[in-house]
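Student: Please pick one part of this structure and take me through it slowly, strand pairing first. After that, carry on to whatever else is worth a look.

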Amino acid sequence: MLLNSKNSLLTPIEYLKGVGPQKGELLKKELNIHTFGDMLSVYPFRYLDRRNIVKVKNIQEGEWVQLIGKITHSEVIGVQRAKRLNAIFKDETGGLNLVWFQGISWIEKLIEQNSTFLIYGKVTLFNKFYNITHPEIEVIQQVDLEQLPSFLPVYSSTEKLKARYLSGRAYVKLVSQVFLSIRNVDIRDVLPISILNKFQLIDRFKAIKNIHFPENEEMLNKAIKRLKFEELFLHQITICKLKLNHKKTKGYIFKQVGHLFNTFYKNNLPFELTNDQKKVLREIRQDTLTSYQMNRLLQGDVGSGKTIVALLSMLLALDNGFQACLMAPTEILAQQHFDGIKKLLLPLDLEVGFLTGKTKAKERREILKKLEEGSIKIIIGTHSLIEDKVVFQNLGLSIIDEQHRFGVAQRAKLWNKNTYPPHILVMTATPIPRTLAMTSYGDLEISVIEELPPGRKPIQTIHRSEMYRAKIMDFLKTEIASGRQAYIVYPLIEESEKLDYENLYSGYEQVKQFFPSHTYNIVMVHGKQSQEEREQNMQQFIKGDAHIMVATTVIEVGVNVPNASVMIIESAERFGLAQLHQLRGRVGRGAEKSYCVLLTGFKISAIGKERIRTMVEESSGFVISEKDLELRGPGDIDGLRQSGDLDLKIADIVKDVDIMTMTRNVAIDILQNDPDLNLEEHQYLKAYLLSQKDKEIWSRIS
Ligand code: ADP
Ligand code: MG
């Protein structure tokens with residue numbers, strides 16, 4: 001809500017009629033409602049047509065219903081904490097049970113009135129009887145249905161609130177009380193008038209009023225449209241401002257393409273670059289010529305060849321007198337990068353540093369010294385690189401592999417490593433759908449590698465049910481006999497962790513029966529092992545000493561074993577699409593044809609089926625990510641879970657993509673003409689943005 005000193009929306013909630021100190025505390029604790037304004041910013045999750053009364057004989061399990069009838073019998077059962085009130089409710093077509101566990105004495109008194117009641121609640125089936133637990137109940141003297149509102153807001157309430165008579169209905173009364181206590185002018189419009197006119201949006205007061213108490217369906221729709229627009233617009237203008245700030249952040253100029261880059265490119269490039277790789281290098285080259293800091297996200301499917309782009313960019317930095325670092329999310333990935341890049345750079349006679357949490361103290365001191373002196377030009381490592389102790393002589397470029405494991409804050413830490421912030425390139429193998437790229441990564445410039453290096457054999461993906469397990473294992477044997485290795489992956493989901501581990505262990509035992517230990521070496525890798533044990537097992541597999549790796553999704557990111565040609569995914573229906581795609585990317589990295597087997601039970605949900613079908617038919621990570629978004633919604637998309645900047649209240653990032661695009665354009669327009677929001681018509685918008693959690697973005701406004 002928009003605030004100023006005399007704004008009644010700021011009034012503490014306990015001063016609202018009907019609240020008081022006790023309920024006030026409860027509202028703060030349970031719903032984070034501190035002021036009148038907060039009360040209005042909790043929107044109803046649905047509306048009830050109060051004229052719509054149903055008959056008992058027509059009700060069904062799971063429905064929210066309104067009934068009118070009498071209570072024919074009631075009794076209190078149990079004592080103290082286990083007490084409950086049972087009642088039988090009847091209309092002329094039948095009866096059902098009502099149950100209360102709380103507020104019993106109050107309900108008892110109400111029932112004694114022996115009048116006609118209007119009840120409202122959700123129907124459940126218990127012991128073959130219909131039940132409503134904790135229904136809303138009120139006495140109806142003379143039912144004039146026409147007088148009842150057709151849109152009664154329904155708010156979500158919590159058990160604790162209900163226990164203190166702050167049920168959904170009571171909440172409705174409080175909200176209407178807020179409207180009685182404020183003035184129209186208290187709700188100021190953050191959207192400029194010109195935008196309201198252009199997009200035919202109703203003003204903010206009307207929208208807030210109608211989202212709570214719709215005058216009619218048309219006004220409700222207008223309110224929804226307006227509030228969605230506002231929500232997405234505020235998000236977009238913040239992101240666009242961030243991007244603008246990036247663009248205004250001074251950065252180093254990489255003036256020349258010099259000796260190192262050219263030598264490597266001419267003599268040591270192990271393959272011809274794909275067109276997409278060249279395109280991205282050009283984009284990076286452009287960025288680093290502008291005298292502003294680069295903030296670029298490089299998206300490319302697993303195996304699309306991002307590493308060589310990273311390497312060449314680092315050489316570009318070196319050619320201009322700067323140091324460069326490459327940071328990976330895990331020890332193993334960092335090690336793989338280090339080994340690969342060191343080998344590639346051998347002919348150039350460059351020292352490449354390696355720093356992780358495991359680096360021994362003496363070696364660490366040495367490396368830190370060399371970094372500060374500038375004798376190490378390229379360093380590869382883990383999070384250890386962002387520690388304050390790591391001081392560079394002249395860092396010009398930071399590359400972060402697997403973006404989604406690094407938070408925005410960690411990215412920002414890299415900024416302080418030189419006078420100007422170094423250029424930032426983040427690389428991710430999780431393709432991000434267009435709409436999400438517009439939101440979560442909207443502050444970054446985006447590069448995409450879509451084209452895979454030539455000669456890749458597509459991974460054959462097949463779906464089999466449990467019944468085929470023995471056959472699949474036979475197939476595995478032939479692959480292993482011809483020298484290949486295989487992964488068998490089990491789901492691990494937090495909610496069912498214990499059970500999942502049991503499945504993993506019993507799966508491991510089962511695999512051992514198919515593959516006796518005198519002939520086969522099987523390793524297991526999961527998150528409950530010590531880091532040493534896990535890495536030892538992984539190394540065995542990487543070196544080719546183990547035939548099969550049984551694992552949870554810990555292997556998801558980055559592990560590169562070109563000799564592994566089969567990936568079996570157990571209970572594949574339980575994985576998300578993005579995850580399945582990431583897992584599949586572990587195979588198909590060598591010269592041999594590779595396979596991905598999706599094993600499932602017989603019963604699969606419709607969505608599960610759709611996911612499996614998509615995996616069997618599609619290989620492009622981009623297509624898969626769009627499908628994933630469509631099936632699951634953004635909350636579950638990998639990498640967004642942590643980002644936390646997408647808590648939308650009313651808009652839906654998938655369904656409202658048109659509004660989003662519209663608001664993005666509006667935001668860009670506004671910032672183009674009035675980057676610091678100094679115009680009169682932007683003053684409320686500016687005040688609002690400055691009061692928000694992203695305010696550091698806006699505090700740079702002069
Ligand atoms: P990712 O994008 O997953 O990090 P990598 O950079 O690890 O992919 O590249 C995957 C494999 O493809 C590596 O073995 C790499 O040497 C190879 N590769 C990369 N680019 C090309 C290319 N243009 N032509 C042929 N092979 C390539
Ligand atoms: Mg990679």
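Tutor: Let's settle one term first: two strands pair if DSSP finds at least two bridges between them. Keep in mind that this is a predicted model.

Start with strand β2 (residues 64-77) and strand β3 (residues 84-91), which pair in the antiparallel sense over seven bridges. To find your place on the pair, look for Ser 74, whose bridge partner in β3 is Ala 87. The hairpin of β2 and β3 has six residues between the strands, and Gly 78 takes a positive phi near 80° there. Now follow β3 onwards: seven bridges join β3 to strand β4 (residues 94-100), and these run antiparallel as well. Here Phe 89 has Leu 96 of β4 as its bridge partner. The hairpin formed by β3 and β4 has two residues between its strands.

For the other kind of pairing, go further along the chain. Seven strands form an open sheet in the order β11-β12-β10-β13-β14-β9-β15, with parallel pairing. β11 (352-355) and β15 (445-449) are the edge strands, each pairing on one side only. From one strand to the next, the twist averages 20°. Zoom in on strand β9 (residues 295-300) and strand β14 (residues 423-428): five bridges join them, and they run parallel. In that pair, Gln 299 stands opposite Thr 428 of β14. Helix α11 (residues 306-319) lies across several strands, among them β9, β13 (395-401) and β14, and runs at about 155° to β10 (323-327).

The buried residues of α17 are Asp 500, Tyr 501, Leu 504, Gly 507, Tyr 508 and Val 511. Those residues sit on the same side of α17, because they cover an arc of only 120° around the axis. They pack against β17 (485-489), β18 (522-525) and β19 (548-551).

Last, the cysteines. A disulfide is a covalent bond between the sulfur atoms of two cysteines. With a cut-off of 2.5 Å between sulfur atoms, the count comes to zero disulfides. Buried means under 20% relative accessible area, so Cys 240, at 7%, counts as buried. Cys 596 is buried too, with a relative accessible area of 0%.

How values were computed. Residues numbered from 1 in each chain as written. Chains lettered and ligands numbered in written order. Predicted model: local features only at pLDDT ≥ 70, side-chain atom pairs only at ≥ 80, totals over all residues. Heavy atoms only, no water. Helix = DSSP H or I, 4+ residues; strand = E, 2+ residues; numbered from the N terminus. Axes fitted to C-alpha atoms, helices over the stretch in contact; angles between N-to-C directions. Contact = heavy atoms within 4.5 Å. Buried < 20%, exposed > 50% of the residue type's maximum accessible area, 1.4 Å probe, protein only. Arc of directions from axis to C-beta.
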